Amino acid sequence: MPQTVRGVVARAKGEPVSVENIVIPDPGPGEAVVAIQACGVCHTDLHYREGGINDEFPFLLGHEAAGLVESVGEGVTDVEPGDFVILNWRAVCGECRACTRGRPWYCFNTHNATQKMTLEDGTELSPALGIGAFADKTLVASGQCTKVDPSASPAAVGLLGCGVMAGLGAAINTGNVQRGDSVAVIGCGGVGAAAVAGARLANAATIIAIDLDDRKLEGAKKLGATHTINAGDGDVVEAIQALTGGFGADVVIDAVGRPETWKQAFYGRDLAGTVVLVGVPTPEMQLELPLIDVFGRGGSLKSSWYGDCLPSRDFPMLVDLYQQGRLDLDAFVTEKIGIDDVEAAFTKMHHGDVLRSVVEL
């Protein structure tokens, strides 16, 4: 039977969110109902509320989550009721041109639940990133559930569902940071701080954290930064070069996603170095660059989608590292809040007061 639960809904562009009753259908073929235990408040949720993703209101927000599988539909064999899972928005299809070429982390046809969750009056909801996890329960495609160690903290490991994975993966997967490399990370919010942690996991020798906020720079130090640069104190490129023998960093990760920060990343890397863009630009942003500089500096210019992660591969590994004390996911949890506190969490996030507010249900 369909269930009625609480969920955080954005009804119109720019309006405050509200906690409303939503209806969760029984899972159909290939689907699962998950009882949410924790869900991080991510910038993407705010983008949905502001109409920055699309205008398919009303939205059921939340996507960075962990919980327990409650029930599954016909044909589901990868998870079963009682499994502790992290939700992901890359449920690979196994059939698209990326998957058939052995690159499922680029899957171009990821799966979502076929059925719709609704408001009590029958209005269909658009779940954020196909998940909608600011709710007691949500309906997803079973491939969006990645089973991990059930003894792990839901508030911490749920963050792998989006922002923390994006940052870790930007360093480890997209940037391919190697032992002994020098790495610079521009922007040390949740994603950038995770990129710092990823560079540390990869045993980079020099890890430079760059931000305008000294609070974020102090946080980056705790996660592995060996040096910090306040971007308001002078030329960022010169500062990176001064810390890398005058050459620039092997890998520079732009976790802001603005033309000016991308240029800093481009010119702040060593010859034949790598630039990774993981911060999300807005549609109107334009980049102008001398083509001879692109040619002359060589190397790689990359964008990182979801940290180029493969959830079935990366989530269990990273949870194991967390359980071993080698990856401090707890450091990303600034506060734990209730489902009624999401709007206030958006304000704190906008002001840079938190790495992550995490809703516990």
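Reply: Let's begin with aromatic pairs: rings of Phe, Tyr and Trp (its six-membered ring) pair if their centres lie within 6.5 Å, with planes under 30 degrees apart counted as stacked, over 60 as edge-to-face and the rest as tilted. By that rule the structure holds seven aromatic pairs. Some housekeeping: this is a predicted model, where local features need pLDDT of at least 70, side-chain atom pairs count only at pLDDT 80 or more, and totals for chains, interfaces and linings use all residues. Residues are numbered from 1 along each chain as its sequence is written, and side-chain values use heavy atoms, with hydrogens and water left out.

Me: Why is the pair of Trp89 and Tyr306 called stacked?

Reply: Because the ring centres of Trp89 and Tyr306 are 4.0 Å apart and the planes are at 5 degrees. For the location you need one idea: helices (H or I, at least four residues) and strands (E, at least two) are DSSP runs, numbered from the N terminus. Trp89 sits in the loop between S6 and H2, and Tyr306 in the loop between strand S16 (300–303) and helix H10 (311–323), so to speak linking distant parts of the chain, 217 residues apart.

Me: How many disulfides does a search of the whole structure find?

Reply: A disulfide is a pair of cysteine sulfur atoms within 2.5 Å. The search turns up zero. Take Cys39: its nearest cysteine sulfur, that of Cys42, is 9.0 Å away. Cys39 is also buried, at 0% relative accessible area. As for Cys188, the closest cysteine sulfur is again in Cys42, 17 Å off, which is too far for a bond. Cys188 is buried too, at 1%.

Me: And the strands? What is the order of the open sheet of five strands?

Reply: Two strands pair if DSSP finds at least two bridges between them. The order is S7-S2-S1-S4-S8, with mixed pairing. S7 and strand S8 (126–127) are at the edges with a single partner strand each, so one side of each has no neighbour in the sheet. Inside that order, strand S1 (residues 3–10) and strand S2 (residues 18–24) pair in the antiparallel sense over seven bridges. As a landmark, Gly7 has Glu20 of S2 as its bridge partner.

Me: In which sense do S3 and S5 pair?

Reply: Strand S3 (residues 31–40) and strand S5 (residues 64–72) are antiparallel, over eight bridges. Val33 has Ser71 in S5 as its bridge partner. S5 also pairs with strand S6 (residues 84–87), in the antiparallel sense over three bridges.

Notes: Buried means under 20% relative accessible area, exposed over 50%, partly exposed in between (1.4 Å probe, protein chains only).
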